[in-house]
Amino acid sequence: MSIEQGPPSILRSVFFERPADVVARELLGKVLVRNIKGMRIALTISETEAYLGPHDLACHAARGRTPRTEIMFGPPGTLYIYFVYGLHWMLNIVTGPKGYAAAVLIRAAGDFSGPGKLTRALAIDGALNGRRANLRSGLWIEDGDRVGKVLVTPRIGVGYAGSHWSARKLRFVLALAR
DNA sequence: GCAGTGATCATA
DNA sequence: ATGATCACTGCC
């Protein structure tokens, strides 16, 4: 049996240096931690989506390397944060080897359901784009408890990607504990 | 169901 | 420079 001992460990880049769908699934139950001027907020991640890489037509990197997608070509564990619909910041973490543009979108954590609401609650915006998930940036991820059942569904809001890629089951949701 | 909101990118 | 689009949300 495994008893958690000592301080929780912060996920390092090796965790993120794997395919986005693997990372997305394993992020469920991990703890998203935000440190804002000494105030610490810790929320269990409950919903993620994988954006697999340039071949994934729902992934921004499918449009090639642009000023915005440049960040996704960086090392695993880099924060990729972009603005959409004129209102909302989206929180992603770059996955896979450096130079391979893939990422995981964190859609929900704690009581905050919805990617825009999550970033607003944690004061996450473009200032964190390109930073790493670590203590220095004030945003990182720690180990969590074992998770129970996981729901796997198509991703939200990617109808533009065509029937194949919009249907792929790349959204991972933590089922409620019983 | 759909309007709001503004960055981003393709097109020119 | 212009226009379509958008990994969303909240209100109808």
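Helices (H or I, at least four residues) and strands (E, at least two) are DSSP runs numbered from the N terminus. This is a predicted model, with local features needing pLDDT of at least 70 and side-chain atom pairs pLDDT 80 or more, while totals for chains, interfaces and linings use all residues. Side-chain values use heavy atoms, without hydrogens and water.

**Around the DNA**
- H3 gives the most to this surface, with four residues.
- In total 19 residues surround DNA strand C, and the closest are His60, Tyr82, Asn92, Gly116 and Tyr160.

**Polar contacts (N or O pairs within 3.5 Å)**
- Tyr160 has a polar side-chain atom 2.9 Å from a phosphate oxygen of DNA strand C.
- His88 puts a polar side-chain atom 3.1 Å from a base oxygen of DNA strand C.
- For Ala58, a backbone N or O atom sits 3.5 Å from a base nitrogen of DNA strand C.

**The largest pocket**
- Its volume is about 430 Å³, counted as the space filled by probe spheres set on the grid points.
- It is lined by 23 residues, and Tyr82, Val84, Met90, Ile156 and Gly157 are the closest to its centre.
- A pocket here is an open set of points on a 1 Å grid over the protein atoms alone, where a 1.4 Å probe fits, with protein on both sides within 12 Å along at least five of seven lines; lining residues have an atom within 4 Å of a point.

Terms used
Residues are numbered from 1 along each chain as its sequence is written. Chains are lettered from A and ligands numbered from 1 in the order in which they are written. A residue is near a molecule or strand if one of its heavy atoms lies within 4 Å of it. A polar contact is a pair of N or O atoms within 3.5 Å; within protein, one must be able to donate a hydrogen and the other to accept it, and residues adjacent in sequence count only if both atoms are side-chain atoms.
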